[in-house]
Amino acid sequence: MQRQIFTEEHDAFRETVRTFLTKEVLPHYEQWEKDGIVSREAWLAAGRQGLLGFAVPEEYGGGGTTDFRYSAVLAEEFTRAGAPGLALGLHNDIIGPYLTGLATEEQKRRWLPGFCSGEIITAIAMTEPGAGSDLQGIRTTAEDRGDHWLLNGSKTFISNGILADLVVVVAKTTPEGGAKGLSLIVVERGTEGFERGRNLDKIGQKSQDTAELFFNDVRVPKENLLGERDGAFIHLMTNLAQERMGIALAGIAAAEYLLEITTEYVKEREAFGRPLSKLQHIRFEIAEMATECAVTRTFVDRCIVDHSNGELDAVHASMAKWWATELQKRVADRCLQLHGGYGYMAEYRVAKAFTDGRIQTIYGGTTEIMKEIIGRSLLA
C-alpha cells in the first residue's frame, strides 16, 4: 500500500539521510563493530548535516520542528541500513525531550547548542543491576547537601555510556524513592567520582557502546537538577510514549526490510531443481509475513501522525511498541530459517538483523510491561 503520511519535504530529507549513511556511516561501520564504539566524528558529521535536535528551537541550533515524521524517516533509514550503533534516535527522541521540555533557560544555553552540533553526546541512566523496568526499585541516591547534590550508586546497560558527555541520571531524592521520590540529575563528563565501567559485550548492536556507570560521592551542582525535584516519575512517564514509538518504528522497518531481502533470496535460491519461491510452503510464509507487515505498518503510520499532532497516548504507543517489535522478532526468525545455512552466517544481513534486533522487545519497557499498561487501561 502506498504510504500517505510523508510530504515532499520528508522525501527530500530521506535522501539526505541516505547520503549521510553512504558517506559517513557505512564505510566505517565494520570497524566500529570491531571497536565496540562509533567515532565521535560521525556525531559531528550528523550535527553538520542537521540530523541532530530536530525539535530543539532554532535559537539553540536545532531544527525547530515538532514534526515526528522526520524522526520516523531517520529511524527507518538507519534500520534499513543495518546501522543501529550510531544512536541518533536515542539522542534526539528519548533524551532530547527532557532537555527541551524540562531544562531552565540557563541549562538550555549551556547544553542545547552542543546537543545539536554533536559536540555533546547524551545518555539517560535509569536501569540498575537490580532494577530494570520497575523504577520503584532504583537505589541510586542524590542527597541534598545545600549547594550541591551528592550522588551515589551504579547503573548498567546504558546506551552511549562510554561516549556520553552528559548523562541524565534517575536517582532517589527521598529515602523512599518510588513514584514520589525520584529526580533527574544531570552529570557531565569529567565530574569527579563519575566513572565508567565495562563497555558491555552484547550479542548484537556491537558498535553501540553500552556501559556500566558508577557514581561515588559525585558532587553535582544544584543547577544540574532537571525538571522538578521528586518529579522524575511523572517526567519519565510523559516521555516514554515517544521512546516507545521510536522503537516501534525500527521494529516495523526491520521486518519490512527482512521480508524484502528474503523475498529476493527465495526467488534466486534453488532446491530440488527449482527456485524456493515455487514451493507452496515458501509462498505461504512470505504471504503471512507480508500481510502482518502491511497491517502493522498501517497502525504504526497512524501512530506517527497522531504523535506529530500531539494526540498519541501511552496506551497506543505501548501497543505499537510490543506488536511491532514482536513482529520484528518473528520475521527475523522466519527469514533466517528461509535462508537456511546461509542465514546463520554473520556476513548475511539476515543474521545480523536477527542478533541486532533481539533487544527490541526488551529495552524501552519489555513486551510484558507493555501488555500490563494496555491491560490496566482497559480493566481499571
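Predicted model: local features only at pLDDT ≥ 70, side-chain atom pairs only at ≥ 80, totals over all residues.

Visitor: How many disulfides does the structure hold?

Guide: A disulfide is a pair of cysteine sulfur atoms within 2.5 Å. The structure holds 0. Take Cys335: the nearest cysteine sulfur belongs to Cys293, 8.1 Å away.

Visitor: Is Cys335 buried or exposed?

Guide: Buried means under 20% relative accessible area, exposed over 50%, partly exposed in between (1.4 Å probe, protein chains only). Cys335 has 0% relative accessibility, so Cys335 counts as buried. Cys116 is buried too, at 4%.

Visitor: Which residues of helix H2 are buried?

Guide: Helices are DSSP runs (H or I, at least four residues), numbered from the N terminus. H2 spans residues 40–48, and its buried residues are Ala42, Trp43, Ala45, Ala46 and Gly47. Their cover includes H1, H4 (88–102) and H5 (105–117); contact means heavy atoms within 4.5 Å.

Visitor: What lies at the ends of H2?

Guide: At the start, a side-chain oxygen of Ser39 comes within 3.0 Å of the backbone nitrogen of Glu41. Just after H2, Gly50 has a positive phi of about 80 degrees.

Visitor: What covers the buried residues of H9?

Guide: In H9 (residues 349–356), Val350, Ala351, Lys352 and Asp356 are buried. Helices H1 (8–35), H6 (232–268) and H8 (314–338) are among what covers them.

Definitions and conventions: Residues numbered from 1 in each chain as written. Heavy atoms only, no water. Helix = DSSP H or I, 4+ residues; strand = E, 2+ residues; numbered from the N terminus. Polar contact = N/O pair within 3.5 Å; in protein donor to acceptor, adjacent residues only side chain to side chain.
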